[in-house]
Each structure stands twice: as C-alpha cells, then as structure tokens.
Amino acid sequence: MSCANLGLSGLKTIIQDLLVGNFIRLRTNGVVSSIRKEQIGSLSLANNELTDSDELRELLSHLPALSNINLSNNNFTEFPADLFNANRALANFDLKGKELQILKNFASSTFACKRIILLFT
C-alpha cells in the first residue's frame with residue numbers, strides 16, 4: 001500500500017481510521033477505497049514530511065500484518081528504543097535518504113526487525 005509523496009506531516013488521520021474502522025482509506029484517481037488493516041503487509045510512507053516517531057510507533061501497533069515499511073526521505077530525527085516492540089511482524093524497515101541526527105537507543109531495539117536499510121544521502 002502506498003501513501004508516498006502525499007505531503008503528510010503526521011499520521012493522526014491514518015491512525016484515526018485504524019482506531020475507528022480497522023482500515024486505511026486510500027484515494028486513487030478520485031476514488032476512495034478502504035483497505036482493512038489485516039491486509040496491509042507492506043506500507044510506503046516515503047517522500048513525506050513525517051517527524052513524529054511516537055505517531056509511527058502507534059501506527060505500527062495497529063498494523064499486525066505489516067512486515068515491510070518504507071520511510072525513505074522523511075524528517076525523523078530520532079526513534080525510541082521500543083519502536084519495534086509495537087509490531088513484531090516487521091521484517092524490513094527502510095530509512096534511505098535524509099540523515100538521522102539522533103538514533104537514541106535505536107540499536108538495542110533492532111532485534112525485532114530482520115533488516116534495516118539505513119542509506120543516507
């Protein structure tokens with residue numbers, strides 16, 4: 001599922017959809033569709049303006065089938081140590097792009113994720 005290049009600065013609307021209806025709404029060519037959270041195994045949030053790692057942790061906790069997430073080219077500066085505890089199914093975590101200034105206690109939490117891509121430009 002792609003939510004890339006949408007100019008998102010936060011994840012509250014997506015989280016609200018998950019809390020209220022257990023789905024994420026996606027608009028494609030003017031048509032709105034709802035994708036149930038159990039069907040979301042891959043999610044791209046690349047090329048947005050995301051900064052809030054606490055919102056990211058909450059989003060991960062509501063997507064039990066999510067195994068791949070692409071967060072390339074966002075504005076995160078830190079991640080909490082327990083980020084991966086929110087979703088044990090997560091296998092690939094892609095952070096290509098903008099340099100992270102702070103990876104606070106991040107290394108200790110990577111055990112839950114099989115592959116993390118950290119390529120900075």
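A word on the model before we start. It is predicted, so local features need pLDDT of at least 70 and side-chain atom pairs pLDDT 80 or more, while totals for chains, interfaces and linings use all residues. Residues are numbered from 1 along each chain as its sequence is written, and side-chain values use heavy atoms, without hydrogens or water.

Helices first. Two packed helices are described by the angle and the distance between their axes. Here we have H1, residues 12-21, and H2, residues 53-61. Helices are DSSP runs of H or I with at least four residues; strands are E runs of at least two, numbered from the N terminus. The axes of H1 and H2 come within 10 Å and cross at roughly 25 degrees. Axes are lines fitted to C-alpha atoms over the stretch in contact, with angles from 0 to 180 degrees between N-to-C directions. H1 and H2 are therefore roughly parallel, a term for angles under 35 degrees.

Who touches whom? H1 brings Lys12, Ile14, Ile15, Leu18 and Leu19; H2 brings Glu55, Glu58 and Leu59. Contact means heavy atoms within 4.5 Å.

Now the largest pocket. Its volume is about 260 Å³, the space filled by probe spheres set on joined grid points. A pocket is an open set of points on a 1 Å grid where a 1.4 Å probe fits, with protein on both sides within 12 Å along at least five of seven lines; lining residues have an atom within 4 Å of a point. The lining includes Ser2, Thr13, Ile14, Asp17 and Arg25. Strand E1, 23-28, and H1 each supply at least two lining residues. E1 gives the largest share, four residues.

How values were computed
Angles under 35 degrees count as roughly parallel, over 145 as roughly antiparallel, 65 to 115 as roughly perpendicular and the rest as oblique.
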